[in-house]
Amino acid sequence: MPSATTKSPSLKKRKIPSAESGKKLTKRAKSPVGITKEEILELEQAIIESPKNYNKIVTLQGHFQDNLNNDQDIAVTAAVHLCRTFCQLMTTGRLSKHKTDTEDEATVTNWLRDRYKEYISTLCSAVTTSSDKIQEVSLTLLMRLVKEEGKHLIPEGESYYFPHDLFSKIVKAIISSESLDEETKKDFVEKYIDTYDDVRYSFFSSMKRILDDETLSVATLNNSVTLLLLLKNLPVASTPEFDSFLALQLPRGNAKKAKSPTLLSLSTHRKLLQETWLLILRRPLPEELCKSVLLSAERRIVPSFTKPQLLMDFLIACYDHGGTTSLLALNGLFHLISTKNLDYPNFFTKLYALVDRNLFHVKYRSRFFRLLETFLGSTHLPATLVASFIKRLSRLCLTAPPGAIVVVVPFIYNLFKKHKAATYMMHRIPIDADELQDWMQNGYQDPFDPEEEDPLQTGAIESCVWEIETLMGHWHPNVATLARVIKEQFTKDRYLLEDFLDHSYGSMLESEINRDLKKDPVVETDIPKRVMTRNEQYPNHMSLDLLAGLVDVQGEN
């Protein structure tokens, strides 16, 4: 490596090292065996004390690289001392280029900058391949370098500088890693992206550049969505002025103000985030990843968009997908329809199709009923439409678990209370004598068509809720008691649905076990020795003797 020089007119002009000689300069020293932490500290002190010892940077890098998979304590120690070394070199200006530098000084500076880039490359590589401990330390050191670069490596004549190139390498290392611990990702987001406005802007910018690549791996896509969903401090319309910065240096005192950069613009932050999300949502996402996005759509993603209507295509595609994905797309889709006046003509037809027997067994059942109560709450809906939902829910209750029935019955009660025209279904009587005669001869024929997909054509309004009458004889006493509220006078204004949404087999069993008994249950005091005797005869049944004879005959055959 070139040695340090002092400015002197007597020095002879030296040629700039060629590419071939440059390779010799960058050759890494072999890491000695059995290095101690004290010896690593001595190497750092020697580098700081004299430019003549700059060659020891190569030795220190060797300890870091060679021990990544061997002695992690030594690797961490070497990485930390290298970081301290380069930070000190930045402070003293040895990594900065100056117009007044001699040729030799420029050569030394370029050599140091090359070693600095190698160190950054090794840290980024450690993030993607090493153990959890090394990954966490490497990210911490990289962010320390981002902060120091923002202070000491500011290009001449540039204001509001942030080291985007370095931070972009960090982001790329994180989202391309297949082994990065989830807790490490969460800590990185909380400590830096959610805390500092300049880091968040650079994160969005870096993500956008990376996601522009058409050939993204599945791990990169998953990590990108995970990081974006971990963000809590997102820029929205009401976000105050940015004032939290990690590396950005604002002009001080009476310094001449430069043009306000895009980094300080709220609209630019939101636009970058919007473009980043759209690049992700245009790709085919795995189902589980798509569900995670939909769960956060209304509360976190939509408010941060400058044009939320751009999400419409994605939400409609998810809504048309069917199953749980459709249930999760409901919230965001209805939000856009109600707030942005977007049109989806088949909304209630698709919503009606989602009400099937699988609904009572999915994880997001409670979420769906909350939304369904909102959707059917408008008094401007036709009674025919509401009657179709009431009838289909009633029919599904015949085979539904008790935990789901106790949600549906109060829900139907609220619909009847809200839509008076549908109450005709509760007390269905013959219209005239001919219809009564037909019922007496052929029995009641339910006009409801369960196979009809259009809720306006099912004929439910001409039917009745005989299914609720059936539930009044349900084997579970709580279900039977609750079903009787439809038969009684509607004195209650409405049921609070939240009181029933969390019921399940487990909660109902626990309620029965912990229930206080007003009187002891009746039990048999005399325990019989046998249930039936051989001499007992039962009407319409074979005696035990005859049954035993049949068994003996079959055994002989």
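**Helix packing, core and aromatic pairs**

In helix H3, which spans residues 56-66, the buried residues are Ile57, Val58, Leu60, Gln61, Gly62, His63 and Phe64. These buried residues of H3 pack against helix H2 (37-49), helix H4 (72-91) and helix H5 (103-129). The model is a predicted one.

Over the whole chain, 24 helices and 0 strands are assigned. The chain has 557 residues, of which 43% are buried. Among contacts with a separation of 6 or more, 74% join residues 24 or more positions apart. The chain exposes about 31,100 Å², and 51% of this area is supplied by carbon and sulfur atoms.

The largest nonpolar core comprises 158 residues. Tyr119, Leu145, Phe167, Ile170, Phe203, Trp277 and Phe369 have the most contacts inside this core. Isoleucine 170, leaving aside residues up to four places away in sequence, touches Cys124, Leu139, Leu142, Met143, Val146 and Phe188.

Leu139 is also touched by threonine 184, whose other contact, with residues up to four places away again not counted, is Glu136. Threonine 184 is located in helix H8 (residues 182-193). Its relative accessibility is 8%, so threonine 184 counts as buried. Threonine 184 and leucine 139 are 45 residues apart along the chain, and their C-alpha atoms are separated by 9.0 Å.

A search of the whole structure gives 19 aromatic pairs. In one of these, the ring centres of phenylalanine 347 and phenylalanine 375 are 5.2 Å apart and the planes meet at 85°, so the pair is edge-to-face. Phenylalanine 347 belongs to helix H16 (residues 347-354) and phenylalanine 375 to helix H17 (residues 365-375); the pair therefore ties together parts that are 28 residues apart in sequence. Phenylalanine 347 and phenylalanine 375 are both buried. Another edge-to-face pair is formed by phenylalanine 368 and phenylalanine 369, with 6.0 Å centre to centre and 80° between the planes. Phenylalanine 368 is buried, at a relative accessible area of 1%, and phenylalanine 369 counts as buried at 0% relative accessibility. Phe347 and Phe375 also belong to a cluster linked by ring pairs, together with Tyr319, Phe334, Tyr344 and Phe348.

On the surface, a nonpolar patch is formed by Leu398, Tyr444 and Trp466, which together have about 250 Å² of accessible area. Tryptophan 466 lies in helix H21 (residues 466-471). With a relative accessibility of 34%, tryptophan 466 counts as partly exposed.

Key. Residues are numbered from 1 along each chain as its sequence is written. This is a predicted model: local features need pLDDT of at least 70, side-chain atom pairs count only at pLDDT 80 or more; totals for chains, interfaces and linings use all residues. Side-chain values use heavy atoms; hydrogens and water are left out. Patches are made of residues with over 30% relative accessible area and no salt bridge: like charges are joined within 9 Å, nonpolar side chains (Val, Leu, Ile, Met, Phe, Trp, Tyr) within 5 Å. Accessible areas come from the Shrake-Rupley method with a 1.4 Å probe; for residues, only the protein chains shown count as cover. A salt bridge is a side-chain nitrogen of Lys or Arg within 4 Å of a carboxyl oxygen of Asp or Glu. Helices (H or I, at least four residues) and strands (E, at least two) are DSSP runs, numbered from the N terminus. Buried means under 20% relative accessible area, exposed over 50%, partly exposed in between (1.4 Å probe, protein chains only). Contact means heavy atoms within 4.5 Å. A nonpolar core is a set of buried Ala, Val, Leu, Ile, Met, Phe, Trp, Tyr and Cys residues joined through side-chain atoms within 4.5 Å. Rings of Phe, Tyr and Trp (its six-membered ring) pair if their centres lie within 6.5 Å; planes under 30 degrees apart count as stacked, over 60 as edge-to-face and the rest as tilted.
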